[in-house]
Amino acid sequence: MTREEAILRLRAAGCVFAEDEAAVLVEAAADGTSLDAMVERRCAGEPLEQVVGYADFCGIRVRLRPGVFVPRVRSELLVRTAVAELTGQITQSPTAAADEEARPLVVDLCCGSGALGLAVRHRVPGITLHAADLDPAAVAAARDNLGANVHQGDLFAALPPELRGRITVLLANVPYVATRHLPFLPAEARDHEPRTALDGGDDGLTVFRAVLAQAGDWLAPGGLLLSEITEAQTGPAITAVDGHGLTPAVTTDDDLDARVITARR
């Protein structure tokens with residue numbers, strides 16, 4: 001298959017950015033036969049990032065596997081917020097990054113491919129990073145990207161107990177789509193990403209509340225939890241943070257259409 005043939009097939013399948021997608025597929029394909037197979041998968045609705053095996057996110061390339069949540073551009077706000085927190089701490093204590101025991105500890109919970117943790121570590125190399133997810137495919141992808149310290153299990157149960165009370169920044173990009181809204185998601189997400197990475201329960205905050213219930217025990221004094229929410233979830237999320245004795249704040253980015261709630265111990 002040639003690039004021109006790929007463009008025609010992608011257009012026929014309804015791909016709005018057929019030329020751009022064809023260029024990505026051509027670059028990733030080993031030969032014409034491989035390109036044909038990849039175009040077939042894309043035309044069947046599989047996310048482009050899963051087809052080519054990577055996503056470009058926050059200036060880095062994140063390896064992906066089929067069936068693993070694709071990192072969203074709006075999640076850059078989570079990364080920026082975490083980096084600002086960590087940079088401030090390292091600036092206040094410049095020897096911490098050199099002392100392995102004193103390094104800021106970052107945990108990427110519900111990590112998917114590990115994209116958030118990878119992006120934070122790329123921008124702030126002087127951290128200790130752990131990641132965890134319930135989904136075995138996600139854990140495998142995260143290990144592709146992060147190497148060591150990737151754990152499988154349900155929320156905090158996956159983490160080594162020695163991390164309790166020591167986490168500086170807890171990235172918890174939990175599923176936050178309300179169950180009733182799942183049918184309205186794009187088919188790429190609905191059909192090719194795990195429901196466990198999308199379904200946040202009745203109001204989208206079920207998993208967030210489960211994280212909050214234990215976060216105070218796992219965060220270090222002054223430690224920060226960060227999670228993505230929608231505008232409609234802002235009030236209930238703040239109430240939930242207050243109810244667990246943590247201090248809430250909300251950061252937004254209109255260009256990214258992104259909203260992050262933070263909870264400080």
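**Helix α1 and its setting**

Guide: E4, L8 and A12 are the exposed residues on the face of α1 that is turned away from its buried side. Exposed stands for over 50% relative accessible area, buried for under 20%, and partly exposed for values in between (1.4 Å probe, protein chains only). The model is predicted, with pLDDT of at least 70 needed for local features and 80 or more for side-chain atom pairs, while totals for chains, interfaces and linings use all residues. Numbering starts from 1 along each chain as its sequence is written, and side-chain values rest on heavy atoms, without hydrogens or water.

Helix α1 spans residues 3-12, and its buried members are A6, I7 and L10. These residues lie on the same side of α1 because they cover an arc of only 100° around the axis, the arc being that of the directions from the helix axis to the C-beta atoms. An α-helix has 3.6 residues a turn, so residues three or four places apart point the same way. Helices (H or I, at least four residues) and strands (E, at least two) are DSSP runs numbered from the N terminus. The cover over the buried residues of α1 includes α2 (18-28) and α3 (32-43), where contact means heavy atoms within 4.5 Å. After α1 comes G14, with a positive phi near 95°.

The domain assignment, of an automatic or database kind, divides the chain into domain 1 (3-63) and domain 2 (74-264). Their centres, taken over C-alpha atoms, are 29 Å apart. To the contact between them, domain 1 gives 12 residues and domain 2 gives 16 residues.

Strand β9 (residues 258-264) holds T262. T262 counts as buried because its relative accessibility is 8%. Apart from neighbours within four places in sequence, T262 is in contact with T81, L224, L225, L226, T247, P248 and A249.

One aromatic pair is counted, under the rule that ring centres of Phe, Tyr and Trp (its six-membered ring) lie within 6.5 Å, with planes under 30 degrees apart stacked, over 60 edge-to-face and the rest tilted. F156 and W218 form this stacked pair, at 5.4 Å centre to centre and 20° between the planes. The pair links distant parts of the chain, 62 residues apart: F156 is in the loop between β5 (150-152) and β6 (167-172), and W218 is in helix α9 (residues 206-218). F156 and W218 are both buried.
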